Amino acid sequence: MSPFVTSVQPVVVVDHLVKRFGPTVAVADVSLSVRPQEIFGLIGPDGAGKTTLFRILATLLVPDTGQATVLGRDVVKDLWALRSRIGYMPGRFSLYPDLSVEENLRFFASVFGTTIQAEYDRIAPIYRQLEPFRTRRASALSGGMKQKLALCCALVHRPEILLLDEPTTGVDAVSRREFWDLLHRLKASGLTIVVSTPYMDEADRCDRVGLMQRGALLAIDTPRGITQAFGRPLFGVRAADRYRALLTLRAYPHARTVYPFGETLHYTDARVSEPASIERDVRAFLAATGLEGVSVAVLSPTVEDSFMELMGAP
């Protein structure tokens with residue numbers, strides 16, 4: 001039998017959760033649920049409230065109002081019963097820098113009454129990459145290797161759920177991809193994973209996502225559902241002078257939203273018209289102002305576009 005939760009009941013339930021720090025509302029009436037054996041992502045910028053919510057779910061903070069349960073247990077009343085069943089990886093590297101890779105892992109295993117040898121099969125897919133450096137101090141590891149060590153330490157006691165707070169922040173692109181590959185292998189083994197990230201492109205690696213800003217959830221859906229809810233044509237506009245094109249488009253009487261997106265400007269129109277008609281009008285308007293190298297094309301919205309839309313982008 002799998003050691004992980006296989007019930008159809010949600011693994012995490014958050015019900016109208018509120019947490020304040022003085023006048024600042026860090027979590028604002030948040031409600032959500034996480035299904036068994038899914039990767040659920042909380043996506044949002046720094047200061048969105050993701051870490052505060054994670055610390056509540058990990059039984060490290062008490063909410064002001066509302067309720068949260070993890071694995072059917074209340075995070076306030078049942079914290080001692082929960083802690084051995086949760087694997088928590090905080091956003092800031094929190095292992096012992098002067099201990100070696102092996103010493104850190106041995107310590108965290110001992111806290112939960114187990115050993116590296118007894119749990120080797122659980123951590124092997126990750127630990128095999130660290131074993132050549134097992135005598136190296138944690139402080140001397142690269143950013144990606146530090147995160148893999150932290151993940152090993154969170155897994156060594158065989159938790160039923162992983163709570164990973166921004167595990168790929170500050171990590172290079174290759175290490176980010178490798179880390180997400182590891183998470184999908186863990187999910188395939190039956191583990192439920194809740195992960196937060198400020199990187200919108202990582203939303204596509206999740207089964208479902210919650211978009212979070214200023215303590216509130218803006219939307220919860222699959223990545224595809226989030227982008228399909230965009231609701232209007234999106235255009236990519238290019239010009240030789242991108243900044244001038246941005247200012248010009250924002251002065252266009254029919255402009256609804258205009259914002260930079262890499263080398264492109266993402267534009268939506270206030271009119272309900274055929275995309276081809278809007279595309280033609282926008283191109284003609286920009287060309288009439290003397291802008292050179294103008295191109296306008298219909299784009300498929302990304303999760304970041306949807307996030308900007310929900311925030312009310314300029």
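I started just after α1, where T59 takes a positive phi of about 70 degrees. Helices here are DSSP runs of H or I with at least four residues, strands are E runs of at least two, and both are numbered from the N terminus.

Housekeeping: this is a predicted model, so I note that local features need pLDDT of at least 70, side-chain atom pairs count only at pLDDT 80 or more, and totals for chains, interfaces and linings use all residues. Residues are numbered from 1 along each chain as its sequence is written, and side-chain values use heavy atoms, with hydrogens and water left out.

Back to α1: is it enclosed or open? Six of its eight residues are buried, so α1 is largely enclosed by the rest of the structure. The buried ones are K50, T52, L53, F54, I56 and L57. (Buried means under 20% relative accessible area, with a 1.4 Å probe and protein chains only.)

Next, the four-stranded sheet. It is open and antiparallel, in the order β2-β1-β4-β5; two strands pair if DSSP finds at least two bridges between them. β2 (24-34) and β5 (73-74) are the edge strands, each pairing on one side only. α1 (residues 50-57) packs on this sheet and touches β1 (12-21), β2 and β4, with its direction at about 120 degrees to that of β1. Contact means heavy atoms within 4.5 Å; axes are lines fitted to C-alpha atoms, for helices over the stretch in contact, and angles run from 0 to 180 degrees between N-to-C directions. I also checked β4 (residues 65-70) against β5: they pair antiparallel over two bridges, and V70 has R73 in β5 as its bridge partner.

Then the six-stranded sheet: open, mixed pairing, order β6-β7-β8-β3-β9-β10. β6 (86-89) and β10 (216-221) have a single partner strand each, so one side of each lacks a neighbour in the sheet. From one strand to the next the twist averages 15 degrees. β9 (residues 208-213) pairs antiparallel with β10 over five bridges, and L211 sits opposite A219 in β10.

α5 lies across β6 and β7 (161-165), running at about 160 degrees to β6.

Last, how do α4 and α5 cross? The axes of α4 (residues 120-130) and α5 (residues 143-155) come within 9 Å and cross at roughly 150 degrees. That makes α4 roughly antiparallel to α5, a label for angles over 145 degrees. In α4, R122, I123, I126, Y127, Q129 and L130 meet M145, K148, L149, L151, C152 and L155 in α5.

How values were computed: Angles under 35 degrees count as roughly parallel, over 145 as roughly antiparallel, 65 to 115 as roughly perpendicular and the rest as oblique. Buried means under 20% relative accessible area, exposed over 50%, partly exposed in between (1.4 Å probe, protein chains only).
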